[in-house]
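Work through the exercises below with the sequence and the 3D view open. Try each task before reading its solution.

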Amino acid sequence: VVETTSMIAIGLDPNAKQVVVVEPRRNDAFEVVNLQDVKSCRIRTSGASNGQSSYTYVGIDLTPKGKSAKGVELTFYDDQEELNLTAEAELLRAKEWQELLEKHLS
């Protein structure tokens with residue numbers, strides 16, 4: 001499963017239980033995440049729930065199982081970036097990915 005936007009490119013290999021994340025806005029920085037090392041996957045938003053009319057940030061936080069491991073943040077929307085994305089559409093996309101990733105956590 002692969003999906004690409006101007007903010008993120010994300011791919012899931014369900015057999016290997018790995019996710020590849022590429023961030024085009026950060027010089028194509030990429031990370032490979034082994035889902036067997038991830039404890040939880042949750043959506044994080046800011047903005048709309050704080051009295052603003054729309055979200056200013058939409059992402060997914062992958063929390064590692066080990067305390068010494070670092071978590072991974074998947075950014076789907078950030079209003080600081082001048083992109084043709086809408087926060088609401090990216091929230092729906094993030095929810096779909098959260099459900100997909102949670103199915104592959106062990």
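**Ground rules and a starting residue**

D61 is buried, at a relative accessible area of 14%. Buried means under 20% relative accessible area, exposed over 50%, and partly exposed in between (1.4 Å probe, protein chains only). This is a predicted model, in which local features need pLDDT of at least 70 and side-chain atom pairs count only at pLDDT 80 or more, while totals for chains, interfaces and linings use all residues. Residues are numbered from 1 along each chain as its sequence is written, and side-chain values use heavy atoms, with hydrogens and water left out.

**Exercise 1. Check the length of helix 1.**

Step 1. Helix 1 runs over residues 87–102, which is 16 residues.

Step 2. The expected span is 1.5 Å times one less than the number of residues. For helix 1 that gives 22 Å.

Step 3. The end C-alpha atoms are 22 Å apart, which agrees.

**Exercise 2. Which residues of helix 1 are buried, and which exposed residues lie on the face turned away?**

Step 1. The buried residues are A87, E90, L91, A94, W97, Q98 and L101.

Step 2. They cover an arc of only 125 degrees around the axis, so they sit on the same side of helix 1. The arc is that of the directions from the helix axis to the C-beta atoms.

Step 3. The face turned away from the buried side carries the exposed residues L92, E96 and E99.

Step 4. Among the elements covering the buried residues are strand 1 (2–4), strand 5 (38–46) and strand 7 (72–78). Contact here means heavy atoms within 4.5 Å.

**Exercise 3. Where do the two residues of the E3 and R93 salt bridge lie?**

Step 1. The side chains of E3 and R93 meet at 2.2 Å, N to O.

Step 2. E3 is in strand 1 and R93 in helix 1, so the pair ties together parts 90 residues apart in sequence.

Step 3. E3 is partly exposed, at 22% relative accessibility.

Methods: Helix = DSSP H or I, 4+ residues; strand = E, 2+ residues; numbered from the N terminus. Salt bridge = Lys/Arg side-chain N within 4 Å of Asp/Glu carboxyl O.
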